[in-house]
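User: Hi! I'm new to this one and would like a friendly walk through it. Can we start with the surface and go from there?

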Amino acid sequence: MADLLLDPQAVSTEERRHLAECAECERELAELRQTMEMMDEWVAPEVNPFFDAKLLARLRAEQQGQPAGFLERLKARWMYGSNFRMQPLMAGALATILVLSGGAYADLAWQHAHQFQESATVRDLQSLDGNEQVFQQLDTVDQTVDQQDQDSGASSSSPTND
């Protein structure tokens, strides 16, 4: 549509044919032409030569005036600024948060990637460590072996009846 107003030669014949057949598009084009004619007739108002000076004076007055409440003062500080700039502080806090969260994520990813597989020996030792009945049986076997060793030592050192 804009091409029909600004550069009518660039519009294809197919589009022109459609415009001639479509009443809605023709009406819209007529409204656009009317709007453009009104814009051509419009004259911008003259700017007051003291506009900039008045605006700067009002800005200075707003900066120097004390706002009523805490929120108004905070808003004024953010809007008009002060000698104390919060941007470096905020940037440092954001960088710290990013580093800490990135480190935590990397640590979790490393732990997930390097989960150690327990070997069968470790699992057996852990199951034995928790099973007192096995230890009691091993102690009994150990005592039995010691008793047999003592008995066999006593029989070999004792005089025989042979």
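Analyst: Happy to. First a definition: patches are made of residues with over 30% relative accessible area and no salt bridge, where like charges are joined within 9 Å and nonpolar side chains (Val, Leu, Ile, Met, Phe, Trp, Tyr) within 5 Å. Lys and Arg count as positive and Asp and Glu as negative, while His and the chain ends are not counted. The place of a charge is taken as NZ of Lys, CZ of Arg, CG of Asp or CD of Glu. Accessible areas come from the Shrake-Rupley method with a 1.4 Å probe, and for residues only the protein chains shown count as cover.

User: Great. Which residues gather in a patch of negative charge?

Analyst: Asp139, Asp142, Asp146, Asp149 and Asp151 do, on the surface. This is a predicted model, in which local features need pLDDT of at least 70 and side-chain atom pairs count only at pLDDT 80 or more, while totals for chains, interfaces and linings use all residues. Residues are numbered from 1 along each chain as its sequence is written, and side-chain values use heavy atoms, with hydrogens and water left out.

User: Where is aspartate 151?

Analyst: Aspartate 151 sits in helix 8, residues 132-157. Helices (H or I, at least four residues) and strands (E, at least two) are DSSP runs, numbered from the N terminus. With 44% relative accessibility, aspartate 151 is partly exposed; buried means under 20% relative accessible area, exposed over 50%, and partly exposed in between (1.4 Å probe, protein chains only).

User: How many helices and strands are there in the chain?

Analyst: The protein chain has eight helices and zero strands.

User: And what is its radius of gyration?

Analyst: The protein chain has 47 Å, whereas a compact globule of 162 residues would have a value near 15 Å. That radius is taken over C-alpha atoms, and the globule rule is 2.2 Å times the number of residues to the power 0.38. Along its principal axes, the C-alpha trace spans about 145 × 65 × 25 Å. Of the 162 residues, 4% count as buried.

User: New topic: how many salt bridges does a search of the whole structure find?

Analyst: It finds one. A salt bridge is a side-chain nitrogen of Lys or Arg within 4 Å of a carboxyl oxygen of Asp or Glu. Here arginine 27 pairs with glutamate 31, and their closest N and O atoms are 3.2 Å apart.

User: Why are those two separated by about one helical turn?

Analyst: Because arginine 27 and glutamate 31 are four residues apart in helix 3, residues 23-41. Arginine 27 is partly exposed at 47% relative accessibility, and glutamate 31 is partly exposed at 40%.

User: Which residues make the nonpolar surface patch?

Analyst: Val47, Phe51, Leu55, Leu56 and Leu59 make that patch of about 470 Å². Phenylalanine 51 belongs to helix 4, residues 51-64, and is partly exposed with a relative accessible area of 46%.

User: What about distances: how far apart in space are glutamate 26 and leucine 138?

Analyst: They are 104 Å apart, C-alpha to C-alpha, and 112 residues apart in sequence. Glutamate 26 is in helix 3. Valine 134, in helix 8, has its C-alpha atom 98 Å from that of threonine 13, 121 residues away along the chain.

User: And methionine 79, buried or exposed?

Analyst: Methionine 79 counts as exposed at 52% relative accessibility, and lies in helix 5, residues 70-80. The C-alpha atoms of methionine 79 and glutamine 63 are separated by 9.3 Å, with the two residues 16 apart along the chain.
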